[in-house]
Amino acid sequence: MTAAFYTLGCKVNQYESEAMAEQLIKNGYTIVNYSEKADVFIVNSCTVTASGDQKTRQAVRRFKKNNPDSCVVLTGCMPQAYPEKAKELYQADIVIGNKNNDTLVSALKEFFDKKERFVNIEMHENHDSFRGTLISEFQNRTRAFLKIQDGCNRFCTYCIIPTSRGRSRSKPLADIQKELDSIAEKGYKEVVLVGINLSSYGKDIGEKFTSAVKLACNTKGIERVRLGSLEPDHITDEIIDELASLPNFCPQFHISLQSGCDNTLKRMNRHYTADEYYHLCQKLRSSFEDATITTDIMVGFSLESEEDFEESLDFARKIAFEKVHVFPYSVRTGTRAEKLPQLEKHVKEERAKRMTEVTEEIRQAFLRNQIGKTVEVLVETTNKNGMYEGYTKNYTPVLINCTEDMCSEIIKVKITEVKGDYCMGELI
């Protein structure tokens with residue numbers, strides 16, 4: 001039997017697709033690319049935005065239309081947040097949620113045995129503990145994701161995640177160490193710690209966030225440790241000082257902003273001000289050599305005035321983020337912001353365009369500033385032009401001309417120029 005995964009959304013979803021794939025392999029399945037023919041197609045969905053739901057529906061319908069005799073599985077955040085809508089997507093032969101996606105193998109067995117549609121979405125409960133299998137193998141041969149946290153307790157007014165992911169819960173340190181040992185044994189040089197609200201790790205089990213990071217940094221064989229998205233009000237001076245003491249910690253910080261306007265932040269129920277965010281960035285850049293700060297910025301949130309948007313735009317210039325994911329706000333059914341007055345679509349799109357233009361200019365200036373620097377690059381893959389592609393510790397993308405296979409190697413290169421969104425490097 002063959003199975004293919006189509007994964008939407010964040011690194012946690014990517015991790016969970018890897019976990020499901022590993023369980024399928026252990027039960028005799030062969031994993032193929034979703035562009036190929038397969039007996040099973042698994043759509044691991046994202047529901048953070050309305051476009052995520054749309055892509056999920058399109059994928060499920062496309063796989064069933066093109067492969068009518070195959071089993072199409074819908075799992076992930078969309079059925080978890082909106083179970084009734086997921087059940088109505090009749091092209092999905094199996095519908096499960098992210099809480100019980102570890103039951104995929106048994107769900108497939110029941111479907112093939114009975115030849116009947118299978119729907120089973122277990123709802124999150126307030127006192128759920130961390131759930132999931134440990135992973136030892138990844139499709140990406142140079143970087144491994146390790147999910148250490150799930151869920152969120154923040155209840156931002158725009159966000160469906162507390163419904164789609166449940167309350168915050170943490171993986172025990174002993175399980176993290178087992179997975180780290182397995183990752184190192186397989187030869188991965190870099191590990192990325194990920195979670196839905198990563199920086200809340202440990203609050204439910206009496207552990208510290210930095211304890212998990214230190215485990216990874218102290219695991220023999222792992223040369224780089226990187227973090228997923230962080231919440232700004234969780235990053236204290238003590239945490240910064242502890243991270244700065246770890247030599248193989250990567251100084252790339254993706255710190256969720258959403259807006260640089262205090263009025264908008266209050267309506268979003270975010271727990272910090274723009275000024276507090278600014279001082280955090282200053283502290284990070286003074287504590288880590290070549291630190292990069294990336295973020296997400298939402299435009300067109302409910303009641304955002306032109307003045308509010310301009311304030312957020314000016315703040316993006318002030319921070320000079322190394323990279324920004326800009327997206328227009330989309331209403332999520334079941335959130336508090338759903339009942340607030342909404343801006344017209346063309347206003348959101350126009351603001352997204354302006355914000356993107358400004359942040360892309362800043363991005364290009366950052367890349368040009370790398371010219372002349374000697375950096376270490378973890379080579380990950382070759383591109384269509386035969387060049388090697390990799391990333392520095394602060395996640396600067398670099399293309400290198402190499403005469404031999406250096407994938408999975410950390411090499412020294414000199415940055416010579418910028419082409420598009422890449423720095424060009426010469427091997428030293």
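**Exercise 1.** Which residues does Leu193 touch, not counting residues up to four places away in sequence?

*Solution.* The model is predicted. Leu193 touches Leu146, Ile148, Leu198, Ala212, Val213, Ala216, Val225, Arg226, Leu227 and Gly228.

**Exercise 2.** Determine how the buried residues of helix 8 (residues 209–217) are arranged around its axis, and list what they pack against.

*Solution.* Start with the buried set: Phe209, Thr210, Ala212, Val213, Ala216 and Cys217. These residues cover an arc of only 155 degrees around the axis, so they lie on the same side of helix 8. As background, an α-helix has 3.6 residues a turn, so residues three or four places apart point the same way. The packing partners of the buried residues are strand 7 (143–150), helix 7 (173–185), strand 9 (190–195), strand 10 (224–227), strand 11 (229–230) and helix 9 (237–244).

**Exercise 3.** Classify the packing of helix 1 (residues 11–26) against helix 5 (residues 104–114) and describe the contact.

*Solution.* The angle between the two helices is about 55 degrees, and their axes are 9 Å apart. Helix 1 is therefore oblique to helix 5. On the helix 1 side, Met20, Gln23 and Leu24 take part, meeting Leu104, Val105 and Leu108 of helix 5. By type, the residues of this contact are five nonpolar, one polar and no charged.

Definitions and conventions. Residues numbered from 1 in each chain as written. Predicted model: local features only at pLDDT ≥ 70, side-chain atom pairs only at ≥ 80, totals over all residues. Heavy atoms only, no water. Axes fitted to C-alpha atoms, helices over the stretch in contact; angles between N-to-C directions. Helix = DSSP H or I, 4+ residues; strand = E, 2+ residues; numbered from the N terminus. Parallel < 35°, antiparallel > 145°, perpendicular 65-115°, else oblique. Contact = heavy atoms within 4.5 Å. Nonpolar A, V, L, I, M, F, W, Y, C, P; charged D, E, K, R; others polar. Buried < 20%, exposed > 50% of the residue type's maximum accessible area, 1.4 Å probe, protein only. Arc of directions from axis to C-beta.
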